[in-house]
Each structure stands twice: as C-alpha cells, then as structure tokens.
4 protein chains.
Amino acid sequence: MQLGMIGLGKMGGNMAARLRDKGHDVVGFDFNPDVRDVGSVAELVERLSAPRIVWLMVPAGEPTRSSIRELGALLEEGDLVIEGGNSHYQDDRRHAEELSRRGIEYLDAGVSGGVWGRENGYGIMVGGSPENVARAKPLFDALTPDGGGGFVHAGAVGAGHFVKMVHNGIEYGMMQAFAEGYELMAASGIVEDVPGTLASWREGTVVRSWLLDLLVRALEEDPGLDRLRGYAEDSGEGRWTVQAAVDHAVPAPVITAALYARFASRQEDSPAMKVIAALRNQFGGHAVTKAAE
Amino acid sequence: MQLGMIGLGKMGGNMAARLRDKGHDVVGFDFNPDVRDVGSVAELVERLSAPRIVWLMVPAGEPTRSSIRELGALLEEGDLVIEGGNSHYQDDRRHAEELSRRGIEYLDAGVSGGVWGRENGYGIMVGGSPENVARAKPLFDALTPDGGGGFVHAGAVGAGHFVKMVHNGIEYGMMQAFAEGYELMAASGIVEDVPGTLASWREGTVVRSWLLDLLVRALEEDPGLDRLRGYAEDSGEGRWTVQAAVDHAVPAPVITAALYARFASRQEDSPAMKVIAALRNQFGGHAVTKAAE
Amino acid sequence: MQLGMIGLGKMGGNMAARLRDKGHDVVGFDFNPDVRDVGSVAELVERLSAPRIVWLMVPAGEPTRSSIRELGALLEEGDLVIEGGNSHYQDDRRHAEELSRRGIEYLDAGVSGGVWGRENGYGIMVGGSPENVARAKPLFDALTPDGGGGFVHAGAVGAGHFVKMVHNGIEYGMMQAFAEGYELMAASGIVEDVPGTLASWREGTVVRSWLLDLLVRALEEDPGLDRLRGYAEDSGEGRWTVQAAVDHAVPAPVITAALYARFASRQEDSPAMKVIAALRNQFGGHAVTKAAE
Amino acid sequence: MQLGMIGLGKMGGNMAARLRDKGHDVVGFDFNPDVRDVGSVAELVERLSAPRIVWLMVPAGEPTRSSIRELGALLEEGDLVIEGGNSHYQDDRRHAEELSRRGIEYLDAGVSGGVWGRENGYGIMVGGSPENVARAKPLFDALTPDGGGGFVHAGAVGAGHFVKMVHNGIEYGMMQAFAEGYELMAASGIVEDVPGTLASWREGTVVRSWLLDLLVRALEEDPGLDRLRGYAEDSGEGRWTVQAAVDHAVPAPVITAALYARFASRQEDSPAMKVIAALRNQFGGHAVTKAAE
C-alpha cells in the first residue's frame, strides 16, 4: 500500500527500505535532499492519494510536535498519521486530540530493533483504535520479522509508546546487569577469559539473549573495550520509565539504578561526592588541620 | 567414557541421562535408593576403573564438603573429582588443596540450564588445570548443546564457580528488570494486553531473551500470575555476587537491588518500615496524641 | 503585624498560635467552624486592612489552587499571598503569575518542623522577591526558633518550595538509613539492647540528629515497635525530589531507594515478585511439574 | 585508674589526653618515638600493675591481630584487653578466644566522634561480659561526653564493634542523602543560596544533625567545595555492614547505594559503563559503521 514517510534517518530510512522490499509504495521526505523523494511535506501530502497514511520518524519533542502541526494543516478528514518516533505517551494523547479536531486519525507506534531491523524485522507496539490498527496492519506486517511475531496492539492511543518506553527501561536494566557482571569478572583477577566466558553463555544458559549476542560481538571487535570511554547517554525513555514508576508508586530499583549509572558516567567530577569528601574531612580532622594553618 | 555421578536429583539425574544418551557410562549414587546404581559411595568408587572421574552434584555447603572428605578417603592418586554443584569459589580452593594432598585432581564446573538442560544442553563453566579440563572434555561436550558453544574454561580452580556465580547475579538483574517492567505496565491502566505485549517482544526487539521466553510461557499458563505469591527465594549465588562486588569495590547496584527485592518479598512485616512509620508518627504528631491518651 | 491565615489544621493552627504568642494579629479561616475567626475567605479579606498579607496553609494541589483563585478575585493590588503549604515549585510559578496579573504579590514558603514547631520554632524557606521577603520578615522571625537561624531566602518564586522538597528528600534518605540499621541490629542476634544502643548514639557520635532523638523517643514508648505496621505513606515531596533529580540528570540513589521502600511497604503482594517467582518456577522445573499434573 | 594505651595516633592520642585530663594514669606506646611513654609493648606491660588494662587503638586487621598475639604472650591471667579500633566483630570473637586460653579478659569497644571527641567526648559501644564492662567503666565514663550519655553495653564480645559498624553504615546513608540533596540544589539553577539554605536547616527542621553542622562548616570554609575532588574512600565498616545485611537477608538499599557511590567515585573510567557504551553502539549501528571502515 501507499504511505508517506517523514524522517529518513537511520531508523526511518531503513524502515522505508524494508517497506519497499515488501512491495509497499513509500514517498519519503527528509531535510536531507540526498535521501528524499519530495522537497516538502506539502508535496508529500499532494503525492499521496486520499485517504492517506503518513508515518512520522523524526526526533521526539519539538520536531515531532511541529510535524504534527504541519500535517494537521495539510491532511484531510480520514487521513491517518502514525507517530513512530519516541514520543512520550502523554504527548500522543495531545497529538491525537489536536488532529481529531480536523477528523484526522492517529496511531502511535513504538519501534524496536535498531539498525538490525531492516534485515531482521522490527518489534512494533501500537496504540490506537482497532479500526486504525487494522487499516495500517499491512505496514506492520511488512516491518515485523518474517517468521511472525513482533507485533502488539497494546491499547488506546499512547499505549504503543508506553510499552516501548517500558521496553527500553527493561533494556536499561538488562544492559546494566551484564555491565556489572562484566566489571566484576574483569576486576576479580580470577577469570582468565572474560570474553570467552560471555561467548560461552550464548548457549545453554539462563542469560542467553540478544543483548548478550551484541556484547560478545562488541568484545570480538575490541576485546578489552579499550576503544571506548565509560560514558553513556540516555535517550529519554529511561527517564520517563522512572517517572512513570514514581507516578504509579511502582518500586523500580533496577531500572532506576541503571539510569543513575548513566548519569554518573557523564560527570567529570561529582558534586555529591565532594560533599562526602568534605564531611569525611570534617569529622576525620583534616579540616581542623587546615584551619590551624 | 566412564564416570561416577554422586547426586541424582533434578540436575544430576538429568545430566546423567544426557551423558548416557551420548554414550557415556554413568555409575550413579544418590541417597534415594530408587534412582541409584550403587548403594554407597564406596561401591561407586569400587565399580569405576582407575583413573576414575567422579562428578559431584549435591547441595553446596556441608553436603558437598562431606562428599569431598569421603572421596578423599576412597579415591586414589590420579583420580579426578569434578564439583558441579553450586560451591562458593573459595570453597573450591579448599577442596582442591585437600584432595591434592592425596594426589587427587579437581575441577570445578558451574552448570546452567535448569530442567531444560537435558534436552537443550547445559552451559558449562570450568575452573582447573588445562590437563584436567582436556581429560574431562568428552563429558563437557556431551553436556553442552548439540549445536556447539556453551563451554568455557574460565581459569584456575574456582574460576568456573566464580563465573557461574556472576552469571546468576546477572540473571537476578535481568529477571528484576522484566519484573519491574511487568508491574509498571500492569499498574499503569494504559496497557490493555500485558501478556500480548511481552509475547510480541520475543521477536525483533532489544530485550528478546530466554528469560522473556520463559515469562511468556508462564503467562500463557497463568495470565495474571494469580496462582503465585510475590515471594522469591534466593539460592546463594546472588548473595555471593554482591559480596564479591563489595570485596572488589565494584559498584553493582542492579544486581544488589534485585537481591534486596527478594529479601523484602519474604518479609511479613518490615522492621525497617516500622521505623519509618514510627518516625513519621513522631514528627507528624500522632504519637503525641497517643501519649496523651 | 496583621495577617490572615487560611487553613488552621495541625500545621496552620500551631503556626497561628505561635504568631499570636509573638504579638501578631492573626485572622484565621478554616472549614472547621470550631477553630476559625471568620466564616469565609471573603470575610477574612474584609477584616484585614490593605495592603493585606494572607498566609495559605491548605493541602497541596486542588485545595491550594482553588484558594489562590478565590484570593485572586478578592484581594487588591499590593496585597501579598504567602503559600506555606507543600505546593510543587512549578505550581508556585503559575500561582505567582496568575496573581500578578491583578497586581497581587506572592511568596512561597516551605515550612518544616511538624508538631514540634509551635514550641521549638519552624524552619522557613522562602522564594520570591527581596521586597516581599522584607515585608513579611516579621512573620518569619516569629515562626523561626527563638535562638535564631531556621530562615533562608533561597531564591525567586518557587525556590522556597524547591528547597523544602529537597529537605524532605534528604529526610527520606536519613530515615531509611536509620531504619536499615535498626533492622540489621534487630536481625543480627548479636545486639542485646537495640533501643539502648540507639539511645547511646544521641551523644558523642557522628549520627546524632533530631531524627535519632525521635527514634529513641518512639522506642521508649514502644520498645519493639509492636504497635506499628511496617507501612509508610509518602507525602509527595519524595516523589518530586526523585523526578527533579531525573530531570536534572542528578544520580539520587539513596533518596530514590528510600522512596521505593515506602512504595513496597504498601503492597499486599508484589506483582514484580510474582514475575520472579514465575521465572524461577519456569527454569527450575516446578511449572513443568504442574503442567504435567 | 591506670591503663596502657597502644596506638597514639589521631584517635588514640586524643583519647589518652582526655583520659589523663580526667585523672587516669595512661602509659602510652606507639611506633612513633615522639609521642610514646615507653619504648616497647613489653615495657608497657612491665610498667602496669597487675591486674592490667590495655587499650588497643591500632589499625584493624593485621596490626590489631599482631598486637593481640604480642599481648597474649606478655600479659597474665586476669589482665584485660580492650580492643578499641575498628575490628570486624567476628575477629573480636577470635581475639577473645585466643586470649581466654591464657586467662586474659577481652572487651571490644567501638569508638565514634572523630577529632572532636577529645573536647566533646566520644560515643562508646562495648561488647563483652558484664564483669569486664564494670571493671573498665571508669574509663568509659571519662571518654563519653561530660553531660552523660554516649555509652552502651550492646551485648557479648563482638557486639560493640557490630553496633559501631552499623553506626558507620547509617552514617554513610545520611551523608549520601545530604550529598544528593546538595547536588540537586546546585544543579537545579533554582536555588540561589545553597550554603545559606543548608545553614538555615540547622534550626527548626527535621534534618538538623551533627553531619549537617559539619557540612555547613565545610561550606563556610569553601563555599563551592572547589578545593576538593569528588573522590571518597571507604573505611571498611560500610562494606561490612552491607555484607552483614546480605548475610542476614536484610534489605539495605540506602546503605549499599551510599557505599557504591564511593566505589564509583574512585574509578577513572568505569568498565561497566564501557559495556553500556559498547551495547549502545552495537544496536544503534555505530559499531556497524566502524566495522565497515
């Protein structure tokens, strides 16, 4: 089927390619002229036959909000917008309401799979009405893995991004669990072959997982991880998961600890730990010595 | 090849069966007369041709220690003991030293895979000398998955159980990450199909893993987990992982949080939280009211 | 000086009494007819001479918001509202803006001290313009301890409630530290006199503090805390502190752990721990046994 | 009364001075010839009249153990050793047993108060028999604050150091709570006067405490803590508290988080966070780009 795709970066570009491979007719727009099919969103809307489907894959926040506003002005009653970026689930509700005032339909779709998705297929988690989900189902079928699975209609508008957010929160926790285990083995002086140990875990063990596969792959390329700094960004979903947990009074110590470890990794010097050092000086007497100088 | 197997419970019994399936000659002993081939450890030793291999699969701690003592008295120079239970890695060093005084060799083998191992194969992590590892390799090959992988010689005596311990620590963290995500989705009121969401994650997503497969399976059997209480034992390795992390000054917040969640799940009433309640009463004035009664 | 006080509950009532003790003229309103001086907010406004000062001590959220709206309609240019409840610091900015449209001034004041404040004095943390702070200073001087201290002008509107929020977050962490220490001593079987130990810490040690004094007092009244359940509410500021920490990428593991311990204390049964139990069953083989039944 | 004091460093030296101020007769030994009264432990023993009391204030671990061995050889039946350093409570039991074989008595005494103790008095927590406690009571009375309090006989041998260990664990949690609150206020951009806010909290608030007093003092000397690095050692008791909590299945998330924050503060680069970075590269596609280079 025909669709417009706005945002042809690493995720959107690969998704457009997979959709085309599966026979869909994708009209793509991006700010980068080298990858787009049309020169503007207006032209993209013009090229599509009504009722249109437009899939958004632009950064969350202002870029998505402004795209929604632009589409709200250009699309017609009965058209459908699928927000496939990383919007907060509460933003989805605002987007849907804004568009519904002009009769435009809305689905939110969380997309997982990273750069591997083009080949392996993506995990797709959708929120919205059953009618809209049914309408876009051929696209979801094309994007999810060939062997089936990888799709859920999780609930009403916002539910797709909510479960994608939780998925990423879980991912934070799992990654940190492997990270701590790695560091402990490396620090122990007992384990002579840390990469080999992790590689062996890929079969037969309880921890076998795609993340372990990726870690083994990373260690094959760089056995001591010497080319990397211990510095980790966070993409927003981890923070939102913690905030949702706090809002719902759900204890989430593991996901939160994983988030905080990333925060700490980005600090040159920790103001909190300066306080600890200052207090230790105070009761340990070093400051007294200083004061006597 | 021929080996003796002491301990024919859920783990040992399945391992003996898999070894026999692969053509090995297993002489088994257990306290349960229904499953054993010989009536005593002495008889087991007698039945094996020297140089013997005896694989221990009994509970960690005193049962393992007393089996080591018994074998130390019965085996001969050049025989090999493989401790496949969940011994602490520091106990392995004591066992090895004790046996080496009589010329008996020692390997420690961490075994992962649970009840699924008989069919799928086990993950095996070994500590000891290269010579002893080579000697027992046919047994490891039979136990690990048919497709290869699942084996590592992690280092000297103790290293096998050390990495198995870390493996279990990571497992704690991964399980807790899924548990927190599940609870948040269930508490949110937003996600209409929690089991379906988890099932969809089995394909295409970053969190796909064997633990996720097991969780989906559990939810198929009991969609609301209504047949279970939120009560979780811990088996020792989680505690040891935390203690090893503390010993090596490795921050392990995720693994530790997962362990503490289990501790808390087993408390009828939390003394710590009584203190919080008492303090809230004190500065909030309720206790003052009480005292005036 | 003259002021109106809206909200004469445990906090507001005691504060009004302390202000009167110090010679201020307080006109009080409350929904409870037994404690109020006037029958309505309108009557309270009428009774005060312009330029008026009205201190709000009502529950955060909708009660505060509707009081602000009501005062906005009744007060005149040059009057001053002091929001002394537990408003979120971002709400303060909205309140101030709303009132400023009619020329009404605004201060936010975080108040600490609980039921002990009437006698000991309160800690007062204020946000707003220097002019407004100077205007209300006689009230702050009356409320803070007689010996001096206990007052800060922390910054612009919102800063008072922000630092009060952080104060409460720190309080959560301190309380949980004592709670964990108490539980460990009680669980150890080693400490024969836990209340006596805590009592001894009131002098000479590093942990001496008002919270420790309160804990000792609580244990004098109920040595085993047998009259209490290990159940702890949270009042909002702890959650806001964690959310502010996440917003500012500040690792706050201790404050967050203290909050999560309260969440967990209120759960009859933990959905997360059901997941752990289910997973343990799955790989440990219990569920398999069940399935075979 | 007469006593020997072994170890005249920052703690022992101040304690000896306070004991002398209160009229006790202290014979001191230290490796530093400038501060000692006698040239050897043997000479110290010789100088004391039987039955002797010897107070040990040397570093925990091997220095304490070797002092115990030396005293075991030199002292006589009926003499009393008070181990006032930071021994692990399980070591106390070994020390007591070793000395008791020669009829020598043993007390363990945890001492809190830092460099301030000489003037303010110390908190003293003692483990041992009631008879031995009674015998040394004049010394404890001299060391504890003049106003009374600061002393507990917590239980049998080991109990003194156990509660001192827990005291320090609580201290870790309290310090980290202040540290997190400080960092959040500093990072917020909302609080214009962080040191002033903390100073104001010394009166009237729930968090008033000696640690807050020390923090205010440190900020008076160095308002932005610019002279310090965010680097914090740990002295052993924090680790032992966590290990005891794990041993007794007591959830101690706050104390543990405080300990891990110190561990992390000492890492130049975190191996765990390298793993996170590596995994993010893998599924985000950066590593793929690298591989293509």
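This passage looks at how the chains of a predicted model meet, taking one interface after another.

Confidence comes first. In this predicted model, chain A has a mean pLDDT of 95, and 97% of its residues reach 70 or more. Where pLDDT is low, the predicted coordinates should not be read in detail. For the complex, the predictor gives an ipTM of 0.95 and a pTM of 0.95.

Next comes the pairing of chain A with chain B.

As for how much surface is involved, 67 residues of chain A and 67 residues of chain B take part in the contact. The size of an interface is often given as the accessible area lost when the parts come together. Here chain A and chain B bury about 5,400 Å² between them, with 73% of it on carbon and sulfur atoms. Within chain A, the residues that lose the most area to chain B are Leu184(A), Ile190(A) and Val206(A), and together they make up 13% of what that side buries.

Several elements of chain A each supply at least two residues of the side that touches chain B, among them strand E6 (123-127), strand E7 (151-155), helix H7 (159-188) and helix H8 (194-200). H7(A) gives the largest share of this side, with 19 residues. Sorted by type, the residues of chain A that touch chain B come to 36 nonpolar, 23 polar and 8 charged.

Chain B goes onto chain D by a turn of 180° and a shift of 0.0 Å along the axis, with an RMSD of 0.0 Å. That is the relation of a two-fold axis. In chain B, the C-alpha of Gln243(B) is the one nearest the axis, at 3.0 Å. Again the copies meet through the same surface, because 100% of the interface residues of chain B are also interface residues in chain D.

This contact takes 20 residues from chain B and 20 residues from chain D. Between them the two chains bury about 1,600 Å², 67% of it on carbon and sulfur atoms. The salt-bridge count between chain B and chain D is 0, and 8 residue pairs are in polar contact across the interface, with both residues at pLDDT 80 or more. On the side of chain B that touches chain D, helix H10 (237-247) and helix H11 (253-265) each supply at least two residues. That side of chain B divides into 14 nonpolar, 3 polar and 3 charged residues.

Key:
Residues are numbered from 1 along each chain as its sequence is written. Chains are lettered from A and ligands numbered from 1 in the order in which they are written. This is a predicted model: local features need pLDDT of at least 70, side-chain atom pairs count only at pLDDT 80 or more; totals for chains, interfaces and linings use all residues. Side-chain values use heavy atoms; hydrogens and water are left out. pLDDT is the predictor's confidence in each residue, from 0 to 100. Copies are superposed by least squares on the C-alpha atoms of residues with pLDDT of at least 70 in both. Contact means heavy atoms within 4.5 Å. Buried area is the accessible area (1.4 Å probe) that two parts lose on being put together, summed over both. A salt bridge is a side-chain nitrogen of Lys or Arg within 4 Å of a carboxyl oxygen of Asp or Glu. A polar contact is a pair of N or O atoms within 3.5 Å; within protein, one must be able to donate a hydrogen and the other to accept it, and residues adjacent in sequence count only if both atoms are side-chain atoms. Helices (H or I, at least four residues) and strands (E, at least two) are DSSP runs, numbered from the N terminus. Ala, Val, Leu, Ile, Met, Phe, Trp, Tyr, Cys and Pro count as nonpolar, Asp, Glu, Lys and Arg as charged, and the others, Gly among them, as polar.
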